[in-house]
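Let's walk through this one together, a step at a time. Have a look at the picture first, then read on.

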2 protein chains.
Amino acid sequence: MTSIAALGSRAKQASRHLALASTASKNAALAAAADLLVERGPEILEANLADVANAEQEGTSATVVDRLRLSHARIAGMAAGLLQVAALPDPVGEIVEGWTRPNGLVIEKLRVPLGVVAIIYENRPNVTSDAFGLCLKSGNAAFLRGSSAAIRSNTAIAGVVREGIVKAGLPDDALVLVDDTSHEAAVEFMRLRESIDCLIPRGGPSLIAAVLEHATVPYVIDGDGNCHVYVDASADLEMALDIVVNAKTQRPSVCNAAESLVVHEAVADELLTRLVPALKGVELVGDARARAIVGADRMAQATADDFGREFLDLKLSVAVVPSLDAAVDHIRTYGSGHTEAIVTRDLASARRFTREVDAAAVVVNASTRFTDGEEFGFGAEIGISTQKLHARGPMGLRELTTVKYIVTGEGQVRT
Amino acid sequence: MTSIAALGSRAKQASRHLALASTASKNAALAAAADLLVERGPEILEANLADVANAEQEGTSATVVDRLRLSHARIAGMAAGLLQVAALPDPVGEIVEGWTRPNGLVIEKLRVPLGVVAIIYENRPNVTSDAFGLCLKSGNAAFLRGSSAAIRSNTAIAGVVREGIVKAGLPDDALVLVDDTSHEAAVEFMRLRESIDCLIPRGGPSLIAAVLEHATVPYVIDGDGNCHVYVDASADLEMALDIVVNAKTQRPSVCNAAESLVVHEAVADELLTRLVPALKGVELVGDARARAIVGADRMAQATADDFGREFLDLKLSVAVVPSLDAAVDHIRTYGSGHTEAIVTRDLASARRFTREVDAAAVVVNASTRFTDGEEFGFGAEIGISTQKLHARGPMGLRELTTVKYIVTGEGQVRT
C-alpha cells in the first residue's frame with residue numbers, strides 16, 4: 001500500500017494540470033472512461049463478484065449487498081453518467097463578476113477548480129465513477145476512499161477509468177483511489193490539509209460524526225433530510241394528498257423524501273381521513289390530535305425521537321397544529337435544514353413560510369422530492385449540502401469550484 | 001458565568017429575529033450603538049485602563065499592550081466604522097438567480113443570513129464592535145469570544161452596543177459576548193454545532209491550529225499571507241521598484257504585505273542593485289544568486305524557513321529565477337495562497353501567471369497591498385479567507401450570508 005500522504009501528493013500534482021485542461025480534453029477523458037467501463041465490464045464484474053461473495057460470507061445485510069452488487073446494466077449506467085457529465089457546460093473560467101475601482105484597478109472574480117476533491121463513501125461502487133466524472137469536469141482531481149467491502153470493485157473501476165484518462169492525454173492521477181481501507185487511514189485522509197482542498201463525506205451518521213471529530217481539511221456535510229410537508233388551513237386538499245403521498249412513498253429511502261406531515265387543525269379531519277387509505281402500507285405515528293382523528297389502532301403515539309428521525313422508510317410522523325406559527329416552530333424543533341414544504345392557497349402563508357423556515361430548500365405547493373441536482377437543472381449532483389457554508393442544497397459542478405480574484409493594474413501602489 | 005450552550009442558544013434565538021429584520025431597523029441599531037459608544041466612551045476607557053494595567057503588571061509586551069489600549073480616537077473610530085457599515089447596501093434578500101424548470105417549477109436562489117456568526121479573536125477590543133457591525137448588517141447574530149486580557153474592555157463595549165440594539169427594537173442578543181475566557185470554554189465554543197453557523201477565528205497560528213484540532217462547527221480560516229512579488233524579464237523596472245517598495249514597506253505588519261521578491265535573472269542585476277538603497281532599513285535574505293549581486297554583507301543566506309515565513313516585519317526574502325516557470329514553482333512551494341503579484345509588460349507572462357498561480361488574489365502590475373475589503377470596494381471586511389470553500393479573499397457583508405432555494409409549484413409531484 002502507498003502512504004496516504006504520497007497518494008494525496010499525486011492527486012495534488014495532477015490537479016495542477018487539470019486546472020489548466022481544456023474542456024475538450026476533459027470531455028475526451030470522460031468519453032474514453034465511459035467506453036472502457038463498458039468494454040471492460042466483465043473484469044469489473046469479476047472483481048465485484050468477489051466483493052459480493054465476501055460480504056455474503058461475512059453475513060452482510062441483503063440491503064447492503066444490493067448496494068454493493070454491480071451488473072452490466074449498472075455499469076452501463078455509470079458509463080452513461082460520465083457521458084451526461086461530459087455534455088454539461090464547463091463551469092471553469094467563468095468570470096463571475098468584475099469591476100473597475102476608482103484608482104483604475106480592474107478586479108475580476110474568476111471561477112476556478114477547487115483542486116483536490118476528496119470523497120469518503122460507503123458501499124456503492126458506482127460512486128467511484130460518478131464522483132470522478134463530476135470532479136474531472138470541474139477541473140479537480142478526485143481523491144477517493146471507498147469502503148473495504150467494495151475495495152476490489154473500486155480498484156477495478158478506478159483502474160479502467162485511469163486508463164481512459166490517459167487516453168485523453170490527462171494525468172491518470174486525476175483519479176486516485178486509497179487502497180488502505182483501515183480506520184487509521186481514513187483519519188489520516190481527513191487531515192491531509194496539504195493535499196485536500198475539499199472533503200465530501202457520502203455516508204451515514206457515523207461517517208459524518210467521524211468527519212466532525214477528526215477532519216482538519218475543509219469539508220461540506222451532506223447530512224440527513226428530516227423533511228416536512230405542512231398542509232396549511234387554506235390548502236387545496238386534493239393537491240395536498242398528492243404531494244404528501246408522493247413525498248413519502250415515491251422513493252422513501254432518499255434524503256428528500258418526507259418524514260413528517262404537519263397539518264393545520266382546520267383541515268386535519270378531512271385531510272387525515274382521506275390520507276390514511278392513500279398511505280396504505282405506510283406506518284403512521286402521530287400526536288394525540290392526529291391519533292384522535294385517524295384512530296389509535298392505525299396510528300401509534302409519536303415520540304420526540306420519531307419527530308426528529310429520518311426514517312428513510314415507509315413510515316411517517318404526523319402532527320396537528322393550531323397555526324402556521326406552530327408549524328414553523330415544529331419544523332424549527334425537528335427539521336434538519338434540508339427541504340421543507342408548504343401546501344397552501346394563501347399568499348401570505350406562503351410568504352411567511354418561505355421567509356421563516358430555515359432550510360436549504362423551501363418548497364411551495366410541490367413535493368419535497370424535487371430537491372435534487374437533476375430536478376434543479378444542474379445535470380448531476382455530488383450530494384446535497386445541509387450546511388450553510390460554501391454550498392447549500394444540491395451540489396452540481398459549480399459547487400465543486402471556487403473563485404480567485406485577478407487584479408490588474410498599471411503600477412498602482414497603496415498610499 | 002453563563003454556560004456557553006445557554007449563550008449560544010440566546011444568540012440563535014436572536015438570529016431568527018435578525019434574519020427577518022428590515023434594513024432600516026438594522027441601520028438604526030448601528031447608528032444607536034455608534035452614538036452610545038461615543039457617549040459612554042469614559043466608561044469604556046475606564047474598563048480598558050483596568051485591562052491595560054493588568055496586562056502591564058503581567059509583563060505583556062508593549063506591542064500587545066498597544067493593541068489592547070483604547071483612546072477617545074479609537075472609540076470614535078469604532079463608532080465611525082458602525083456608521084460606515086450602516087451606509088453599505090444590505091446583502092440580505094437578493095435573488096441571486098432564478099429559473100423555471102420544464103415542469104413549471106420556479107426555482108429562486110435567495111440570499112439569507114448565515115444565522116449565528118461566531119468570532120474568536122485576540123487582544124484588539126475594537127473587534128467587538130467591528131465584528132458586531134458586519135454581522136448585524138448581514139442579518140446575523142454575533143457570538144463573540146475575545147481574549148481574557150481584554151475581557152473588561154470587551155464587556156464594556158458589548159454592554160453599550162447591546163443597549164443601542166435594544167433602542168432600535170432589535171434583540172440585545174444580536175451581540176452575545178462569552179464571559180468565560182478559559183481554554184475549555186473556547187473548545188466548547190468551537191463545538192457548538194446546534195448554535196453556531198460559521199466560526200471565523202481572528203488570530204495567529206496557535207489559534208488557527210486550535211480551531212483545526214477542536215472545531216466541529218463550520219469555519220472559515222483567515223490564514224497567513226506569505227505574499228510574493230515576481231518581477232518578470234519584461235518588467236518595467238521603475239514600476240517594479242515602486243511596487244516592491246510599497247508591498248514591503250507601506251505597512252509591513254499586515255497579511256497582504258509582500259514577504260518575498262522573486263526576480264527573473266535577466267533583470268536581477270539592475271533591479272536588485274537599484275532596490276537595495278530603496279529598501280534601506282529592510283533586512284534582506286536571499287539565495288546565492290541574489291547575494292552575489294547585492295553582496296553577502298547586505299544580504300544573509302535565506303533558509304527554506306525564511307522563504308516559507310510570513311515575517312510581518314521589515315524583512316524580505318529574495319530569489320533569482322531563470323524563468324517564469326521557476327517563479328511559479330517557487331511560489332507554489334512557499335506561498336500561502338493569499339496574494340501573489342507579477343510585474344510584467346508581456347501579455348503571455350501575465351496570462352500564464354494569473355492562470356497558473358493558485359492564490360486568493362493574483363495581481364498584475366500593482367502592489368499586493370490591494371487585497372483588502374475596502375480596496376476591493378466591499379466597504380469593510382471581516383477578514384481575508386485563504387481557504388477555497390465558501391469565501392476566498394476579502395470577506396465583506398456578502399461573505400457573511402448563505403442562500404436558500406425557494407421552489408414554487410402548483411402541485412407538481414415527482415414521477
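Start where the two chains meet: 100% of the interface residues of chain A are also interface residues in chain B, so the copies meet through the same surface. This is a predicted model, where local features need pLDDT of at least 70 and side-chain atom pairs count only at pLDDT 80 or more, while totals for chains, interfaces and linings use all residues. Residues are numbered from 1 along each chain as its sequence is written, and chains are lettered from A and ligands numbered from 1 in the order in which they are written.

Next, zoom in on chain B. B:Val211 sits in helix H9, residues 205-214 (a helix is a DSSP run of H or I, at least four residues, numbered from the N terminus). B:Val211 counts as buried because it has 22 C-beta neighbours inside 10 Å; the cut-off for buried is 20 or more other C-beta atoms within 10 Å, with C-beta atoms placed from the backbone. Leaving out residues up to four places away in sequence, B:Val211 touches B:Met190, B:Leu199, B:Pro201 and B:Tyr219 (contact means C-beta atoms, placed from the backbone, within 7 Å).

Note on methods:
Helix = DSSP H or I, 4+ residues; strand = E, 2+ residues; numbered from the N terminus. Buried ≥ 20, exposed ≤ 12 C-beta atoms within 10 Å, placed from the backbone.
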